[in-house]
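Okay, thanks everyone, let me get the model up on the screen.

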Amino acid sequence: MKTILSSFLLAIFALTSVNASGQTPAATPATPVSLVGEVTAMDAANKTISVKGKEGDVSVQLNERTIYLQVKPGATDLNGATTITMDGIGVGDGVLAQGRMSEDKKSMMGRRVVVMTKSDIAQKRELERADWQKRGIVGRITALNLEAKEISLVIRAPGGERPITIAASDKVKFRRYAPDSVKFSDAKTSAFAELKVGDQVRALGDRSADGMRFIPEEVVSGSFRMVGGAITAVNPATNEITINNLQTSQPLTVVVNKDSVMRRIPPEMATMLAQRRAQAGAA
């Protein structure tokens, strides 16, 4: 949902400087601000909604003058927006709320609320996922041609790996995995210059007839490491695991968060790995 909400913000960013009457307000302390986030709670009796934005939860106070609009994900303006009421807002919906923010940034007097429904967001996410499965490729960068803006990849294919060249134009949308997250939805805006040989890449676009070239619409990149070793310490308070890195024989701290996937390997595999480690140590 983060990616869709970010696109939501960018698509109608120009609207944040325009008030409900369509005029550009003066730059004064009372200038309305914009809040983008997800509805986490509603109080119809007191006409308030709680919105979780990038800086935490904000209580948005609504009244009879508040304007409510609904748009579809991907909308670039309000031309196709539908007028709704507060009853059309639900927990889990994405919103752009505009109004006057309190000094502590904990509450807002809502002048206008633009809504993307939870169901519309889920439907768009499904369509995007299907598109990536149909028109996406995954590979590893083996070379970069900065002058021609071409990316050489090796991708998995029946019978082994094979090369493919990505021809990146100025219209390509680049994103890069966040340093503290391996989630696709958390990837940040990036550029061709940030690509590195060895990076893992996911690209959405179309292949040439011979399958040797790829014309992308979006490229998502990241640098990942795979390490192994024996656990030497566990810190439940900080969710940290210290291992002795088999490759360097140096301690390495692994930080586990809510998105981490943890699995326990079967005993026979653990025995095999221990034997290999012993053999490597003897060598």
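So, β13 and β14 make a hairpin with five residues between them, and in that turn G211 has a positive phi of about 75°. When I say strand or helix, I mean DSSP runs numbered from the N terminus: E over at least two residues for strands, H or I over at least four for helices. And strands count as paired if DSSP finds at least two bridges between them.

Quick housekeeping: this is a predicted model, where local features need pLDDT of at least 70 and side-chain atom pairs count only at pLDDT 80 or more, while totals for chains, interfaces and linings use all residues. Residues are numbered from 1 along each chain as its sequence is written, and side-chain values use heavy atoms, with hydrogens and water left out.

β13, residues 200-207, runs antiparallel to β14 with eight bridges, and Q200 has G222 as its bridge partner. β14 also has parallel partners. One is β11, residues 173-176, joined by four bridges, with F174 standing opposite V219. Another is β10, residues 160-167, with two bridges, and there T165 sits opposite R213.

Why do I call β14 largely enclosed by the rest of the structure? Because seven of its 10 residues, in the run 213-222, are buried. Buried here is under 20% relative accessible area, exposed is over 50%, and partly exposed is in between, with a 1.4 Å probe and protein chains only.

Now β6, residues 94-101. Six of its eight residues are buried, so this strand is also largely enclosed by the rest of the structure. On one pairing, β1 (33-43) runs antiparallel to β6 through six bridges, and L35 faces A97. On another, β7 (107-116) pairs antiparallel with β6 over eight bridges, and R100 stands opposite M109. β6 and β7 form a hairpin too, with five residues between them, and K105 in that turn has a positive phi of about 60°.

N63 counts as buried because its relative accessibility is 17%. If we skip residues up to four places away in sequence, N63 touches K47, Y68 and M109; contact means heavy atoms within 4.5 Å.

T66 is in that β3–β4 loop as well, and at 8% relative accessibility T66 counts as buried. Which residues does T66 contact, leaving aside neighbours within four places in sequence? They are G110, R111, R112 and V113.

A polar side-chain atom of T66 is 2.9 Å from the backbone oxygen of G110. A polar atom of the T66 side chain also lies 3.0 Å from the backbone nitrogen of N63. The N63 side chain, in turn, has a polar atom 2.8 Å from the backbone nitrogen of R65.

Zooming out, the chain has three helices and 17 strands, and 31% of its 283 residues count as buried.

Note on methods
A polar contact is a pair of N or O atoms within 3.5 Å; within protein, one must be able to donate a hydrogen and the other to accept it, and residues adjacent in sequence count only if both atoms are side-chain atoms.
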